[in-house]
Amino acid sequence: MSHHATVQKQLAAAEKRTYWTRRRREQLAGWLFIAPEVLGMLVLAVFPLIFSLGLSLTEWNLVGGLSAIKFIGLDNFAELFRDDRFLKALKNNIGFTAGTVPATMLMGVIFAAIIHKKLYFKNYFKVAFFVPYICSTVAVSAVWSALYHPSKGPLNQLLMQLGVSDPPRWLVDTSWSLAAIMVIYIWQLLGYQIIIFMAGMTNIPDELYEAATIDGATGIQQFRRITLPLLGPTTFFLAITSIISSFKVFDMIKFLTNGGPNYSSTVIVYQIYEEGFQHFRMGYASAMSWILFLIIMLVTSLTWITQSRKVHY
């Protein structure tokens with residue numbers, strides 16, 4: 001009996017060792033599979049993030065190499081809020097976000113509802129609206145640059161034929177340059193918003209609309225009382241991504257105006273590029289980057305809190 005018990009214990013110990021060996025092998029295989037992704041994230045995301053935070057506390061001319069780095073504490077951040085160009089870029093960025101995000105989302109949900117419920121050839125309209133979004137921003141900007149030409153552009157030609165003797169000069173006018181870019185941005189992003197809203201609408205049960213119709217609700221009432229509330233998660237997702245995207249706009253402004261005229265269309269990301277890669281002030285550009293990061297995080301957090309309270313109540 002004692003010998004049998006000893007054999008049983010040895011077998012149990014062997015099975016346990018086999019189990020833990022197999023489990024360690026499975027864990028090792030799992031780590032090996034995700035190692036390239038983790039390594040890429042550390043090298044391309046985490047390290048630059050930490051390095052830029054360190055750089056924001058220094059004065060560094062990129063041309064001088066690493067030996068030119070000089071620690072100056074929070075001086076870069078203090079200088080930012082005395083820099084009229086940065087404050088102008090911040091004001092432009094806030095205006096750009098405030099003008100594009102609500103307009104794009106409002107038009108997106110309205111067009112999505114019309115296409116989803118009222119139109120034939122839905123697939124055609126989906127493609128037609130989505131094509132600008134997948135086109136190169138440089139190509140889109142080139143087309144709109146021709147449309148906006150002050151004297152030969154079709155837009156101003158039309159306005160002059162309608163009796164406008166002095167139409168706006170659009171991209172070369174300090175009063176209109178940012179608004180003109182906002183129109184292009186909305187036009188390009190609208191198709192994406194429509195597709196996402198339509199995807200959200202397909203998840204709303206038809207029975208709700210049928211019951212509302214029986215109760216005598218009009219189409220507008222159904223839209224307000226059924227569609228919009230049930231699109232809450234979709235709206236929240238688009239609000240967050242649109243806000244982040246609007247604060248990161250760069251290529252369109254670089255191609256069309258280079259931040260001009262007279263900095264009227266300069267935004268924070270463009271000024272980060274200008275300070276870092278034209279003036280080679282990497283420390284100052286890094287400080288701007290962190291201010292932009294904090295702004296985006298603050299706005300995103302406020303949006304998240306607002307949505308969470310709506311869901312709770």
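## Close-up views of a predicted model

View 1. Lys126 is found in helix α4, in a model that is predicted. With a relative accessible area of 30%, Lys126 is partly exposed. Together with Lys117, Lys118 and Lys122, Lys126 forms a positive surface patch. Two elements, α3 (84–118) and α4 (122–134), each give two or more residues to this positive patch.

**View 2. The salt bridge between Arg281 and Glu79.** In this view the side chains of Arg281 and Glu79 meet in a salt bridge, with a distance of 3.1 Å from N to O. The pair links distant parts of the chain, since Arg281 sits in the loop between α12 (268–277) and α13 (282–312), while Glu79 belongs to helix α2 (residues 75–80), 202 residues apart. Arg281 counts as partly exposed at 31% relative accessibility, and Glu79 also counts as partly exposed, at 27%.

View 3. The side chain of Glu275 meets that of Arg281 in a salt bridge, at 3.7 Å from N to O. Glu275 has a relative accessibility of 3% and therefore counts as buried, the cut-off for that class being under 20%.

**View 4. The salt bridge between Glu274 and Arg85.** Side chains of opposite charge can pair when their charged atoms come close. Here the side chains of Glu274 and Arg85 meet in a salt bridge, with 2.2 Å between N and O. Because Glu274 lies in helix α12 and Arg85 in helix α3, the pair ties together parts that are 189 residues apart in sequence. Glu274 is buried, having a relative accessible area of 10%, whereas Arg85, at 24% relative accessibility, counts as partly exposed. The count of salt bridges in the model comes to 3.

**View 5. Thr104 in helix α3, with Val183.** Thr104 has its place in helix α3 and counts as buried, at 0% relative accessibility. In sequence, Thr104 and Val183 are 79 residues apart, and in space their C-alpha atoms are 9.8 Å apart. Among the residue ranges that UniProt (unreviewed entry) places under the feature "transmembrane region" is 94–115. That span is 100% helix and 0% strand, and its end C-alpha atoms lie 31 Å apart.

**View 6. Pro150 in a loop, with Leu171.** Pro150 is placed in the loop between α5 (137–147) and α6 (154–161), where, at 26% relative accessibility, Pro150 counts as partly exposed. The C-alpha atoms of Pro150 and Leu171 are 8.3 Å apart in space, and the two residues are 21 residues apart in sequence.

**View 7. Annotated spans of the chain.** The UniProt annotation "domain: ABC transmembrane type-1", from an unreviewed entry, covers residues 90–303. Over residues 90–303 the chain is 75% helix and 0% strand, with end C-alpha atoms that are 19 Å apart. The UniProt feature "transmembrane region" (unreviewed entry) is placed at several ranges, including residues 230–250. Over residues 230–250 the chain is 81% helix and 0% strand, and the end C-alpha atoms of this span are 34 Å apart.

Terms used:
Residues are numbered from 1 along each chain as its sequence is written. This is a predicted model: local features need pLDDT of at least 70, side-chain atom pairs count only at pLDDT 80 or more; totals for chains, interfaces and linings use all residues. Side-chain values use heavy atoms; hydrogens and water are left out. Patches are made of residues with over 30% relative accessible area and no salt bridge: like charges are joined within 9 Å, nonpolar side chains (Val, Leu, Ile, Met, Phe, Trp, Tyr) within 5 Å. Accessible areas come from the Shrake-Rupley method with a 1.4 Å probe; for residues, only the protein chains shown count as cover. A salt bridge is a side-chain nitrogen of Lys or Arg within 4 Å of a carboxyl oxygen of Asp or Glu. Lys and Arg count as positive and Asp and Glu as negative; His and the chain ends are not counted. The place of a charge is taken as NZ of Lys, CZ of Arg, CG of Asp or CD of Glu. Helices (H or I, at least four residues) and strands (E, at least two) are DSSP runs, numbered from the N terminus. Buried means under 20% relative accessible area, exposed over 50%, partly exposed in between (1.4 Å probe, protein chains only). UniProt positions are given in the numbering used here, feature names are shortened, and annotations may be inferred rather than shown by experiment.
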